[in-house]
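Colleague: Could you show me how to read surface charge and aromatic contacts from a set of coordinates?

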Amino acid sequence: MNSGDRRDSHPLRPTTKVLTEGFDPSLSVGSARPAVFRSSTYVFSSPEAAERAFDIAAGRAQVHEGESPDLIYARLNHPNAQILEEQILNLEPGATAALAFNSGMAAITTLLLTLLRPGQSIVYTVPIYGGTQHFIQDYLPKWGVASIPVHSGRGDLLESAIGSTENLGAVLLETPANPTLVMTDIRQVCKAVASRKLLPSETRPLVLVDNTLLGPAFQHPLSLGADLVVYSGTKYLSGFSDMLAGIVLAANRDLIRQIRPARGLFGNILQADECWMLGGRLPTVRLRMNRASKNAQRIAERLAQHPKIKRVHYPTLFTDSDQKRIYAEQCDFPGAMFSIDLLGGKKAAFDFLRNLRIARNAVSLGGVETLACHPKTTTHSGFTEEEFAQAGVTDGLVRVSIGIEHWRDLLDDFEQALVAL
Ligand SMILES: *Cc1c(COP(=O)(O)O)cnc(C)c1O
């Protein structure tokens, strides 16, 4: 809840700033760490302050520099959302404003419904998160928004879709793609968008990146030119598989000003307890992601040698030269997700999952505990045969989200599960 000026004048690093900025103990009766404010409604300091707060909330007036308008009602805003949003800015280079939502899907749907107009189109990478795909393909057309899917890693096709799609409103990238970690070059997409010829009636399309898999620790889309970053906070940000959350961060705070009123109407702001929980997890997100990524790299590179495994999909094991280049230019570390393609198809994959003793068979990812699932029959089961083939989702594919256990114990677990096949 501090003003932005301290952020600009102090050359502090993100791991320090996330603990020192965005929270003022004097506003929480001196608590060293944020308290929880569960109120649904707030008492105004005066009727004039109430009038001013409503003018600002309705967009009839803008907040002045240094002004902190009275809170109104928790569906519109509340102290824990404000604290969380100020804290998380420190982890995303280039972000000037953020919004917290009830889930990743709440963030994505609110974003798209707010920013796109009937008659516009959206270009997006596939495979993309199942819920996102369902929304874009089956819901957006009802609101007059056309969708153009482009295969992850096909920068050439993305460039031509961006150049040739009429009335393009947004480009949504999910990189790396799940479950094979194929990467899309964010900077190349931003350049293609910037060089697009605009008709007088058009505005520049926005570039949106779902950064759930590698951010905020290892990939920084806003510093590569993207307009908005979205997260499922359910994954690495919260990190313990015990809550749902979504976060949107923008390079330009005007975009957040546009989206905020929709969140107030849709009623999908993240509630106080969850904001408090998520805020408390932010100082450790880099520690957790670093440890999990180191674990995953050690395990993935060893499993790649295993005779019962056809292939391991992991950034440090990329063979395609363009994929290697994107990884080197775009990511600080390879992350904690990999997929293994087992010889022996579905039966081998199911037996492998059954044999695991430490890793648990569950969907989702980004927790401190290791999870594994069979994408073809779970997370990606809605795909057509053609989509399976294009996304590299084979019968023998098992997706793994590595946690922070000791990597040798995890490797032993995978090896014993393979021996028993
Ligand atoms: C989980 C996930 C989502 C959806 O987030 P929820 O918090 O489950 O609504 C969106 N994108 C990606 C990449 C995800 O992994």
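**Charge and rings**

Modeller: In this predicted model, a patch of positive charge on the surface is made up of Arg 291, Lys 294, Arg 298, Arg 302 and Arg 408.

Colleague: Which element gives the largest share of the positive patch?

Modeller: Helix H11, spanning residues 285-303, contributes 4 residues, which is the largest share of that patch.

Colleague: How many aromatic pairs does a search of the whole structure find?

Modeller: The search finds 8 aromatic pairs. One of them is formed by Phe 44 and Phe 54, an edge-to-face arrangement with 6.4 Å from centre to centre and 65° between the planes. This pair links distant parts of the chain, 10 residues apart, since Phe 44 sits in the loop between helix H2 (14-20) and helix H3 (47-57), while Phe 54 belongs to helix H3. Phe 44 is partly exposed at 32% relative accessible area, and Phe 54 is likewise partly exposed, at 41%.

Colleague: What is the geometry of the pair Phe 383 and Phe 388, and are these residues buried or exposed?

Modeller: Their ring centres lie 5.9 Å apart with the planes at 45°, and therefore the pair of Phe 383 and Phe 388 is tilted, given that planes under 30 degrees apart would count as stacked and those over 60 as edge-to-face. Phe 383 has a relative accessibility of 14% and so counts as buried, and Phe 388 is also buried, at 6%.

Colleague: Which residues form one aromatic cluster?

Modeller: Tyr 314, Phe 338, Phe 352 and Phe 414 together make up one such cluster.

Key
Residues numbered from 1 in each chain as written. Predicted model: local features only at pLDDT ≥ 70, side-chain atom pairs only at ≥ 80, totals over all residues. Heavy atoms only, no water. Patch = residues over 30% accessible without salt bridge, like charges linked within 9 Å, V, L, I, M, F, W, Y side chains within 5 Å. Areas by Shrake-Rupley, 256 points an atom, 1.4 Å probe, with all protein chains shown as cover. Salt bridge = Lys/Arg side-chain N within 4 Å of Asp/Glu carboxyl O. Lys, Arg positive; Asp, Glu negative; His and termini not counted. Charge placed at Lys NZ, Arg CZ, Asp CG, Glu CD. Helix = DSSP H or I, 4+ residues; strand = E, 2+ residues; numbered from the N terminus. Phe/Tyr/Trp six-rings, centres within 6.5 Å; stacked < 30°, edge-to-face > 60°. Buried < 20%, exposed > 50% of the residue type's maximum accessible area, 1.4 Å probe, protein only.
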